[in-house]
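Subject: Structure for your review

Dear colleague,

Please find below the structure that I am handing over to you. I would be grateful if you would look at it alongside the notes that come after it.

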Amino acid sequence: CFPNELLDELIELSKEYNLKIVGHIPQGIDPKKYCEYEISSIEHIDSFIRGLFSRDDSPAQSFKEVIDILDSPYLDSLAMNLKRNKIALTPTLVTYENFVKSAPKEQQASGYAILRKLNSYTKMFHDSGFQILIGTDYPLSGLSIGDSLIREMELLIESGLNANEVLLIAIKNSANYLEESYQIKEGY
């Protein structure tokens with residue numbers, strides 16, 4: 001993740017060159033304050049969730065406590081905040097699944113249980129109108145370009161989205177996000 005101590009410099013550069021900040025987010029930032037940092041897209045739903053408990057003023061101290069918090073109305077208010085500020089999420093569920101597959105056998109059951117939670121949060125975010133994007137973490141070991149992208153789409157379907165919704169996410173959401181980025185960069 002991006003080092004917190006360099007975040008202010010990154011924000012200044014993004015303002016100077018009219019660019020968006022996307023990707024791995026420093027974990028010490030409250031997700032409701034992403035817009036204050038000019039963040040426009042988050043990569044990895046599991047990293048995003050870890051960010052909920054890794055900051056100094058966090059209401060939770062562990063991944064388990066965050067899951068308890070997210071299983072409450074907090075997730076809805078968080079999704080509305082992100083939607084209002086036009087912040088997108090690339091869940092990269094395939095990356096987490098790949099991580100679980102490479103874990104020792106005795107840890108895989110709990111890893112898959114967390115993956116199911118991540119799937120349900122992705123669905124909740126989607127249903128609330130929060131912009132979801134498609135992506136993977138290639139060239140991460142165990143992932144290949146085309147296969148991991150297809151598997152990411154399958155995981156979105158396993159999350160409860162239908163095939164049409166997933167195709168719209170893969171094509172329309174990505175195009176809209178890139179178009180908005182281009183307009184901002186060009187000053188339209």
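Predicted model: local features only at pLDDT ≥ 70, side-chain atom pairs only at ≥ 80, totals over all residues.

Salt bridges

Searching the whole structure gave five salt bridges. In general, side chains of opposite charge can pair when their charged atoms come close.

Glu 97 and Arg 151 are both buried; for Glu 97, the relative accessible area is 5%.

Arg 151 in turn meets the side chain of Glu 154 in a salt bridge of 3.2 Å, N to O. Glu 154 and Arg 151 are three residues apart in H7, so about one helical turn lies between them. Glu 154 has a relative accessibility of 37% and therefore counts as partly exposed. Through shared partners, salt bridges join Glu 97, Lys 101, Arg 151, Glu 154 and Glu 158 into one network.

Helix H7

H7 has 14 residues, which at 1.5 Å a residue should span 20 Å; the C-alpha atoms at its ends are 20 Å apart, in agreement with this. The residues Ser 148, Arg 151, Glu 152, Leu 155 and Leu 156 of H7 are buried. Viewed down the helix axis, the buried residues of H7 fall within an arc of 145°, so they line one face of the helix. Just after H7, Gly 160 adopts a positive phi of about 115°.

Packing of H5 and H6

How are H5 and H6 oriented to each other? The two helices, H5 and helix H6 (residues 105-127), pack at an angle of about 170°, and their axes are 9 Å apart. Because an angle over 145 degrees counts as roughly antiparallel, H5 and H6 are roughly antiparallel to each other. On the H5 side, the residues in contact are Leu 93, Tyr 96, Glu 97, Val 100 and Lys 101. Their partners in H6 include Gln 108, Gly 111, Tyr 112, Ile 114 and Leu 115.

With kind regards

Terms used. Residues numbered from 1 in each chain as written. Heavy atoms only, no water. Salt bridge = Lys/Arg side-chain N within 4 Å of Asp/Glu carboxyl O. Buried < 20%, exposed > 50% of the residue type's maximum accessible area, 1.4 Å probe, protein only. Helix = DSSP H or I, 4+ residues; strand = E, 2+ residues; numbered from the N terminus. Expected span 1.5 Å × (residues − 1). Arc of directions from axis to C-beta. Axes fitted to C-alpha atoms, helices over the stretch in contact; angles between N-to-C directions. Parallel < 35°, antiparallel > 145°, perpendicular 65-115°, else oblique. Contact = heavy atoms within 4.5 Å.
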